[in-house]
Amino acid sequence: MTAKPGVLFDVDGTLVDTTYLHTVAWWEALRQFNHDVPMAEIHRGIGMGGDKLVTAVAGGEVEQRHGDELRDRWLEEYEPLRGEVRPLAGATELVRLLKDRGFRVALASSGKPAHTDQAVELLGIGDLVDAVTTSEETDASKPEPSIPERALEKAGGTSAIMVGDSTFDVEAARRMGAPCVAVLTGGFGVDELLGAGAVLVAADPRELLAANWDRLASAEAPPER
């Protein structure tokens, strides 16, 4: 019997509702360094790692001058918001469903370990996931494929399907040769996610409970660009 592929979940914006909390924290951090970046622009960078976000939203010069300080300030600004984090509808049930159906399940997060640990606890999935990977385990964050590749390696799989909420997740999956299912809970649009190569776009994890996961897991990854 052929082993089923792994299912690699992004965490922020996919399993827990944190995208806009991170947006606010980055907005405040940037303001404190006199960089007034509209929240809409910051949101467009949520999903990539913090090592890339400053350059993406404020430019290379700001990254060079204040990058590490901004990342430290973002952590400080996000800390009091952590009490507002909530699981997304159907997230826990989806992880349990896939585990029960024999898939290896791993978390492929670009977030900090403490934030991912909080998500695991809120979701109550500590006994369901085969591996957890965070930003601390690689120097290259999404859309580079290092994080999902590491998650698959830790889970003991050889192939996978990614589940994420941003074009960065879809791109990371494409670069590792895996299909990606996307949800709209991170604020990216249907056309954006399909255009990036997602094989399916759902409103939220709850909608994915009825998906044909055997068919999705055998889908082809989007072609190289």
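**Helix packing and a buried aspartate**

Let's start with two helices. H3 (residues 50-58) packs on H4 (residues 60-78) at an angle of about 135°, and their axes are 9 Å apart. That makes H3 oblique to H4. Angles under 35 degrees count as roughly parallel, over 145 as roughly antiparallel, 65 to 115 as roughly perpendicular, and the rest as oblique. Axes are lines fitted to C-alpha atoms, for helices over the stretch in contact, with angles running from 0 to 180 degrees between N-to-C directions.

A word on the source. This is a predicted model: local features need pLDDT of at least 70, side-chain atom pairs count only at pLDDT 80 or more, and totals for chains, interfaces and linings use all residues. Residues are numbered from 1 along each chain as its sequence is written, and side-chain values use heavy atoms, leaving out hydrogens and water.

Back to the pair. Which residues of H3 and H4 meet? From H3, they are Gly-50, Asp-51, Val-54, Thr-55 and Ala-58; from H4, Gly-60, Val-62, Glu-63, Leu-70 and Arg-71. Contact means heavy atoms within 4.5 Å. By class, the contact of H3 with H4 has four nonpolar, three polar and three charged residues. Gly counts as polar here.

Next, H7, residues 146-155. Its buried residues are Ile-147, Pro-148, Ala-151, Leu-152 and Ala-155. Buried means under 20% relative accessible area, exposed over 50%, partly exposed in between, with a 1.4 Å probe and protein chains only. Down the axis of H7, the buried residues fall within an arc of 135°, so they line one face of the helix. What covers them? The cover includes strands E1 (6-9), E2 (104-108), E3 (131-133) and E4 (160-164), plus helix H8 (167-175). Just after H7, Gly-156 has a positive phi of about 85°.

Now the loops. Pro-143 sits in the loop between E3 and H7. A cis peptide bond joins Lys-142 to Pro-143, with omega about 15°. Asn-34 lies in the loop between H1 (19-32) and H2 (39-43). Phi of Asn-34 is near 65°, a positive value in a residue other than glycine. Asn-34 is exposed, at a relative accessible area of 72%.

Last, Asp-169, in helix H8. Buried or exposed, this Asp-169? Asp-169 is buried, with a relative accessible area of 1%. Leaving aside neighbours within four places in sequence, Asp-169 is in contact with Asp-10, Lys-142, Met-162, Gly-164 and Cys-180. Lys-142 is also the residue joined to Pro-143 by the cis bond.

Conventions:
Helix = DSSP H or I, 4+ residues; strand = E, 2+ residues; numbered from the N terminus. Arc of directions from axis to C-beta.
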